[in-house]
Amino acid sequence: MQYHRPTSFNEAAALANQATGETRFLAGGTDVLVQLRADIVTPDTLIDIKSIPGVGDISQASDGSWTIGVAVPGAEMREHVQLGQDWPGLVEAMDLIGSTQVQGRATLVGNLCNGSPAADSVPAMVAAGVELSVTGPTGNRRIAAVDVPVAPGRTSLSKGEVVSAVHVPARGKNAGDAYLRFIPRTEMDIAVVGCAVNLSLDTEGTVTAARVALGAVAPTVLLVEDAANALIGSSLDDKALDRLAAAASAACNPISDKRGTVEFRTHVAGVLAKRTAKIAYARAQGENT
C-alpha cells in the first residue's frame, strides 16, 4: 500500500489520477479504517487529506452561507452554536452517526461518499440544498449533494476527483429544517427509514418553499418533489400533512431485509415525513424544538 499526505487538493487529485488499483481518501477514517481491519478493502493507494489547509474549518460568509471543511468531525459541528442554530436538522443528522468516539472522527463527506442509502447525514444535506466543491485533474466543479450517490457504494465522482469543501446555503428568515429516523434499537443503529424536511415560510406562516428527502427507502437518497409540493401554499394543516405522507410513501422503492419489510418501510416513510415536517415548521416559526 502507498500512503500519501498531500498539502493541497490539486496534489491529492493528481495522486489519485495517477494511482492504479484501489484508491481511498482518508479524512475521518471511520469507514476506511474499519474496512481495512475487516479485510473488506485493502487500498493500493491511501491519500490522507487531513494536512490540507482549511479541511478542519467551519466558516460563515457575509451572505450567511456556510463552508464546512471535509475533515470537520460531527462532534465539532455539534459544538458550533451558530451552525446549530441555522441548520439544526443537518447537525442533528450528523450527530446520530455512531458513538461518541466515532463522532470525534466521522465527517459529512465520508458519510456521503460511502454511498450507503441509509446514511443519516445525506437526507439532511439533500433537504438543505448542500453543494460540494470537487477538485479533479481538469480543475474544479460544484455539484449538488443529491447528485453524488448513484447506487449503493457508488458515487458520480470520476477517477482523480476529491471533494474539497461542503457548502451549506444561507438559512434565511422564517425557515427551519429537521431530520428524524426510525431504528430498531434506541441508539447506534442503521436507519430503517430516514426523513429530512427543510421549510421556508412567509410572515403569515404559509409554506413558500420546501425540500423533502428520504433515506433507506431506495438505492439512493431521494429528493421527493411531490412531497415538497404537498406542503407549499399550506400552513401545515392536516390535509397538507396527509398529502405529504402519501407522496412520501409513493416515492419509496425499498427492499425487505431483517430490519424491515417493503410494506413497513413504505408506511413509516409517510409517518416520519409528517413528524419531521412539524418540527421543521415549528423551527421556522422560531420555536425551540
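Which residues touch the most other members of the largest nonpolar core? The legends below start from the whole chain and reach the answer in the view of that core.

**View 1. The whole predicted chain.** This is a predicted model: local features need pLDDT of at least 70, side-chain atom pairs count only at pLDDT 80 or more, and totals for chains, interfaces and linings use all residues. Residues are numbered from 1 along each chain as its sequence is written, and side-chain values use heavy atoms, with hydrogens and water left out. The chain has 11 helices and 14 strands. These are DSSP runs numbered from the N terminus: helices are H or I with at least four residues, strands E with at least two. The radius of gyration is 19 Å, close to the 19 Å from the globule rule for 289 residues, so the chain is as compact as a globular protein of that length. That radius is taken over C-alpha atoms, and the rule is 2.2 Å times the number of residues to the power 0.38. Of the 289 residues, 52% count as buried. Buried means under 20% relative accessible area, exposed over 50%, and partly exposed in between (1.4 Å probe, protein chains only).

**View 2. The five-stranded open sheet.** The strand order is β4-β5-β10-β6-β7, with antiparallel pairing. Two strands pair if DSSP finds at least two bridges between them. β4 (58-60) and β7 (139-144) are the edge strands, each pairing on one side only. From one strand to the next, the twist averages 25 degrees. Axes are lines fitted to C-alpha atoms, for helices over the stretch in contact; angles run from 0 to 180 degrees between N-to-C directions.

**View 3. β5 against β10, with helix α1.** Strands β5 (residues 66-68) and β10 (residues 162-168) run antiparallel and are joined by three bridges. Threonine 67 has histidine 167 in β10 as its bridge partner. Helix α1 (residues 9-18) packs on the sheet, touching β6 (131-136) and β10. Its direction makes about 135 degrees with that of β10.

**View 4. The largest nonpolar core.** Ile68 and Met77 touch the most other members of this 51-residue core. A nonpolar core is a set of buried Ala, Val, Leu, Ile, Met, Phe, Trp, Tyr and Cys residues joined through side-chain atoms within 4.5 Å. Helix α8 gives the largest share, six residues.

**View 5. Around methionine 77.** Beyond neighbours within four places in sequence, methionine 77 is in contact (heavy atoms within 4.5 Å) with Ile58, Ile68, Val72, Leu83, Leu90, Val91, Met94 and Leu108.
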